[in-house]
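Subject: Structure handover

Hi,

Here is the structure for your set. My notes follow below it.

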Amino acid sequence: LFTRPGHSIRDFINGKRVKYFSFVTLLLIVLGVSLFVDEYSHVKLSDIMPDSSKESMNAIEEFTKEHPKLAMFLAIPFYSVFTFIWFRKSKLNLSEHFVLNSYKTIAESIIALVFTIITVIYTNQKGLIIIYSFVMILSLVYSFWFYKQFFSAYGYSKISIIFRSIGAIFSYMFLSFILGIVLEILKIGK
């Protein structure tokens, strides 16, 4: 996942599965380890995110701040739909996009796990904000690298892959924004 992520996942999807770990098992292991390590962390993610009052936070932000790992794993189907749409020339079906985005999410979760391990040892808020920013940038760069390696075999140029990756990521962010507005309206209506 960290030396040749796109190529190895393409091999997995094309049927070369003998030397690869099942994405479901790996997803559960990473989630379990993350939840275990998170219990020993002295800092919660909401402590280092930008300040905003609870009243102004929409329902999606609230859920994401309370359950960041769960929100990430719930994002896999949505990412899969958007990569399916943006990279439709690859002629992969939705389940293959699900596998692709599951492995990408696993790698991003491992990157986030390293951050969580750091919070067990190091608790300086200002330092953690810098480290967290670096981790977010690293995750974004990993996503582009992952999609570049994976989709380069399907005839996409580097520029097209970057454009389509940005499109898929922003589509997901836009859907989250719309969903947040709907949830806020429903919350206010109660």
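A search of the whole structure, a predicted model, finds 16 aromatic pairs. Rings of Phe, Tyr and Trp (its six-membered ring) pair if their centres lie within 6.5 Å; planes under 30 degrees apart count as stacked, over 60 as edge-to-face and the rest as tilted. Trp86 and Phe163 are edge-to-face, because their ring centres are 5.7 Å apart and their planes stand at 80°. Trp86 sits in helix 5 and Phe163 in helix 8, so the pair ties together parts 77 residues apart in sequence. Helices (H or I, at least four residues) and strands (E, at least two) are DSSP runs, numbered from the N terminus. Trp86 is partly exposed, at 23% relative accessible area. Phe163 is exposed, at 53%. The cut-offs: buried is under 20% relative accessible area, exposed over 50%, partly exposed in between (1.4 Å probe, protein chains only).

Tyr142 and Phe146 make a tilted pair, 5.9 Å centre to centre with 35° between the planes. Both lie in helix 7, four residues apart, about one turn of the helix. Tyr142 is buried at 5% relative accessible area, and Phe146 is buried at 0%. Both also belong to one aromatic cluster, whose members include Phe2, Phe87, Trp145, Phe150, Phe151 and Tyr156.

On ground rules: residues are numbered from 1 along each chain as its sequence is written, and side-chain values use heavy atoms, with hydrogens and water left out. As the model is predicted, local features need pLDDT of at least 70 and side-chain atom pairs count only at pLDDT 80 or more, while totals for chains, interfaces and linings use all residues.

Now the fold. The protein has eight helices and zero strands. Of its 190 residues, 39% count as buried. Contact means heavy atoms within 4.5 Å. Of the contacts with a separation of 6 or more, 73% are between residues 24 or more positions apart.

Next, the core. A nonpolar core is a set of buried Ala, Val, Leu, Ile, Met, Phe, Trp, Tyr and Cys residues joined through side-chain atoms within 4.5 Å. The largest one has 29 residues; Ile9, Leu100, Tyr103, Ile106, Phe150 and Phe151 touch the most other members. Helices 1, 2, 5, 6 and 7 each supply at least two of its residues. Helix 7 gives the largest share, eight residues. Beyond its neighbours within four places in sequence, Phe151 is in contact with Arg10, Phe87, Ser90, Leu92, His97, Leu100, Tyr156 and Ile161. Another core lies apart from the largest one, with six residues, among them Ala75, Tyr79, Ala168 and Tyr172.

Helix 1 is mostly covered, with eight of its nine residues buried. Those buried residues pack against helix 2, helix 6 and helix 7. Just after helix 1, Gly15 takes a positive phi of about 105°.

Last, the surface. The accessible surface is about 11200 Å², and 71% of it belongs to carbon and sulfur atoms. Areas come from the Shrake-Rupley method with a 1.4 Å probe; for residues, only the protein chains shown count as cover. Phe174, Phe177, Ile178, Ile181, Val182 and Ile185 make a nonpolar patch of about 560 Å². Ile178 is in helix 8 and is partly exposed at 36%.

Best wishes

Conventions
Patches are made of residues with over 30% relative accessible area and no salt bridge: like charges are joined within 9 Å, nonpolar side chains (Val, Leu, Ile, Met, Phe, Trp, Tyr) within 5 Å. A salt bridge is a side-chain nitrogen of Lys or Arg within 4 Å of a carboxyl oxygen of Asp or Glu.
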